[in-house]
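I opened this entry to look up charged side-chain pairs. My notes follow in the order I took them.

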Amino acid sequence: MLGGERQEGRAGVDTGTNVVSTTSRTAFDKFVRLENNGKQKSELHHFPIQGPEYECDYRVRHGVQFSLSSYSSAWSCSTLRYYGTAPEQKGLVKEESSLGLRTKQAQQFDWALAKLDSSVRRTGRVTKTLLQRIFYDICRTGYPSGNQALLLLRSCGSLLPELPFSERTELAHRVWEKLEELGATYDVSHYNALLKVYLQNEFRFSPTDFLAKMEAANVQPNRVTYQRLIAAYCQGGDIEGASKILAFMKSKDLPITEAVFNSLVTGHSRVGDMESAANILSVMSGAGIEPGPDTYLALLCAYAEKGDLAKIKETIDRVENTDMSLMDRDLMQIIFSLAKAGHQQHVPEIVERMRHERGYVPDAMNLCLSLITQGFEDTAFTVLKTFPSLQAESQNGDSPDLGNFFLRHCVNMDKSPEKLVSFCKDLKDSNLHSAPLQFALYCALDSKKTAMAVELMKTMKEEGLPIRPHYFWPLLTQHQKDKNASGTLEVLKAMQELDVLPDVDTYSNYVLPSFPSVDTARAALKDAGCAVDTNGFVSAEVRIEAARGNLSGLLSLMSSPAFPVIDLGAFRGSLIAGFKGMDDVESMVKITELLYNDARFSQAGVDRAENVAYFLYNLFDGMTEVELQAKEEKLREYLNQLEKKNITIPVNIYRGIRNILDSYHVPELIKDVLAIVDNKENIRASDTGSPRGLEGKVVNLENKLEELKSQGKPPGGVFKQLISALCAEENMLPENLSRALELKTQYEEEMTPSCYALLINLCCRHDNPDEALNLKRELARKDSEVALDANKYMNLVRVLAKHGKLEEAEDILKEMKEKDVAVKDTTVTLLFHTLNSAALKGDSTTVRRLQDTIFTLGLVSPSSNLCSPLVTAYLEK
C-alpha cells in the first residue's frame, strides 16, 4: 500500500491489473520479487499523472483487498526487506556492519511498517504527526537503514492529503537530508521514490539536474527512473524533453510500457494538443499495446482539465461498453482534475456516476481532504453529501457526526468563518451532523484560532445556543503559560463582546496567573473595561492568595465589610493548599473562626459549623502521610487554638479524622481532635452505635468491679476486661488513660503482663513517654523474662525518640534483640515512620543513632527505605 508500482502482465505491456489495499500472498510475493529485479521485463511501475492526490498505486478491478501488516512479522528479514529495497536493485542487499544492527533495523522497520500500514489500511492515508514520530524515532537510534529511508520517502506523497504539496515535498527533502547525514545509503530505489513524490506533489524540478545528482552519487538510473522523468516532463507540458528520454530508452532497448503512453497523453494535453493526446490510444494499439483503464483515465483527466464535459461523458461511455470499467477512485481523480482546473460546475454530474463501491467512504474522505487542502472546499462539500453511511444514519433517526473530519480540516486550513458557518448550516439542515457548529468551535478552540472561534460563537449566540465560560479556556491556556497579559486581555474582551461573564475558574486558573500580581491584574482589567467587582473575580482573588500561602493578606481581604457573599466551596481547595504549609497558625485560626461565625461564607440553609467541620476533614484528608507527620506539632497548636475559640465539630467528622490519623500513624493527635468535638457525652455512645457499645461496656464493667469489691470478692477477669476496654484503640478519650492508671494503682496485685502491655501502648498513643517508661520498668521488675510484641516495642521507641529520650529508646531496641522478638513487616513499617518523623524535623542525630543501633543489632537489614530518612533529615536542615 505504501509504495509499489503497477505490475505488467507481459513484457512491455501493462495489463491494468492493480491492487487497492489487499491481495493474496502469492500476489504479494510476486510484487516484492519484481520490486527487486530491475532487469525483469514483467516489472512494477508507476502511474504518475492522473491527479497526484488520488493516484491508484495498486488497483484490483475485481475489488480484492489485503493488508501488509499480516506479513510484517513473518517476513521481516526477507520479504519485507525486499519490499523496502530497490525495485530495480541488482544482486544482494549490502551486508550491515553487524548482526545486532541488522536485527535492530529489521525490528524498527517492522514496527514502522506496521504503524503506517495500519493507518493506511484503516483510512487510506497517514498523518503528519505519525510520520514525524516514526521519522524522529528512526533518527534517535542513529542507524537508519535503506529500508526505513524508503518507507519514509514513499509516505511523503499522496498518503498525506491533509498537507499542501509544498509542505509534503519539504518533508521529503528533510527526511532525505537527515537520514543521509545519519549514514543512510541511497540506491536507485530511493531516487525513484523521490521522483514519485515529486510527481505526486507536482513539484517542479529539472530532470537533467536530477540525473546529474544521481551520477554524482554514482547511482545508475534504470527504466523506472526514465519513465518517471518522462512523466515529470509531461506533467510540465514539455513534450520535447519527454521525447529525448523516450529516444534514449529506445536506443537502450528499454520497453515502452503503458505508463509511458499515459504520460504522453498528459503531456500533449498540457500543451493544448488534445487531438494528439487522443491519438496516443491509436498509437498504442498500433504498437500492440491495448489501452487499459489507466490510459482512459489519463485521457479523462486531460478532458477534465479542459472542462470538456461532453468528451468526458463520451469517453466514460466508451469504456463502459468494453470489458473494462472505471472504479469510484477513477471518477474521484476526474473530480479532482475538474476542481483544480476551475470547472467545479461539472462535478455533480461525475458524482452521480459513483457506484459507492466497497471502500468508498475512506476514499471519498481522502478526496475531500485533498480538495480542502487545495482550496476547493465547496467541491469537497458536494462529495461529502454523497456519503452513503451518513444518509443511512439519517434515515434511522440517529445523530450522525461523520462530517467531523471535514469541519476539522476546514478549521486547520483556516477557511473563513462565514464558509464554515455555511457548511454547518447545510449539514444541520440536511441532518448529516447533530451539532456541527459546536464541533467546528471545538476544532477552532483546539487549534487556538481565536478570531475564528469568536466568530463561530457569535453565530451560535445568534442561533440561541449557549456560550459557556469554559469555551474560552483553550484560548487562554497558552497565554497563561507564556504570561502573556495582553493576549489574555484580548480574550476577555471577546468574552465581553459575547456577554459571557468569566467565572471563578476562568479567573483563578487562566487570567490571574498571567499577571505578576493580583493588584496588577485588577488594574489591567479595569483599564480594559472588564468588571472586577464580580463574585467570580473576588473568589479567584481569594483562591490565588490562599494558594500562594499569603494567609495574612487573605484574612485582611475576607475580613473587609465590602467582601461579597461567597460560599466556602468556591475556594475550599485553594484554602486547604494554603493551610497545608502551616506557616502562619495564627492566621489559620482567625480565618477558620471567620468561616465559622460569618454567614457570608456559607449558602443559605447550610449550617456554618458543619461547613467548617467538613473543611477540617478535607484539610486532614488532603495531606499526605509525610506531610501530616511533619506538621504534627503545628496541627496540634492549630487544634488547641480552635478549642479556645469554641470551634467544634460533630462526631461523624471526628470519626473520619480519627481514621485518617490512625492510618497515617499519628494517633497522638486524636485526643486533640477529640477536644473540639461538640458533644463529648454523645461520642461515648455514638462511636459504637448504642449505649451498650464500648463505652457502655466500660460503665458496666466498672459497676461490676465495684460490686465485686463491695462483696469482698476477687475481681478476677473483670479487671482485665475493663483495662482492655479502656485501652481499646477506638476509645481514645483523654480521661481513659487517667482512669486506667487509677485502676492499676487500686488493683496492683491484679496487674498481669498483658495488662502492663495494654497500658504501655495506651500511654504511647496518648504521647506520654514518662508514664510508658515507668510501666515498662515496673513490668521488668516483676518479670524480667516477659517480652512485649514487636509493634508495642516499636510504639514505645517512637514516643521515646520523639521526646528526645534516645538512650531509653536504644535500650528498648537492645531488649528486643536480647529477647529475640520477631520483627514483622508491620514492625519495619512502624520503624520507618519513627525514623521519618524525626527526619522531617531535621533531627539527623536521632535518625543516625536509631539507624546505627538497629543495623548494628541486626534487628533488620539496611534498605533504601530505612536509609532514606537520614537523607531527608539533612534536606530538611
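I first settled what counts as a helix: a DSSP run of H or I, at least four residues long, numbered from the N terminus. I also noted that this is a predicted model.

Entry: K590 and E586. I found both residues in helix α32, which spans residues 585–597. They sit four residues apart, about one turn of the helix. I checked accessibility next. K590 is partly exposed at 37%, and E586 is exposed at 52%.

Entry: K458 and E497. I looked up this pair and found a salt bridge, with 3.6 Å between the closest N and O atoms. K458 has a relative accessible area of 29%, so I logged K458 as partly exposed. E497 reaches 52% and counts as exposed.

Entry: D598 and R600. Is this pair buried or exposed? I read 17% relative accessibility for D598 and 16% for R600. Buried means under 20%, so D598 qualifies, and R600 is buried too. Their side chains meet in a salt bridge at 2.8 Å, N to O.

Entry: How many salt bridges does the structure hold? I noted 42.

Conventions:
Residues are numbered from 1 along each chain as its sequence is written. This is a predicted model: local features need pLDDT of at least 70, side-chain atom pairs count only at pLDDT 80 or more; totals for chains, interfaces and linings use all residues. Side-chain values use heavy atoms; hydrogens and water are left out. A salt bridge is a side-chain nitrogen of Lys or Arg within 4 Å of a carboxyl oxygen of Asp or Glu. Buried means under 20% relative accessible area, exposed over 50%, partly exposed in between (1.4 Å probe, protein chains only). Helices (H or I, at least four residues) and strands (E, at least two) are DSSP runs, numbered from the N terminus.
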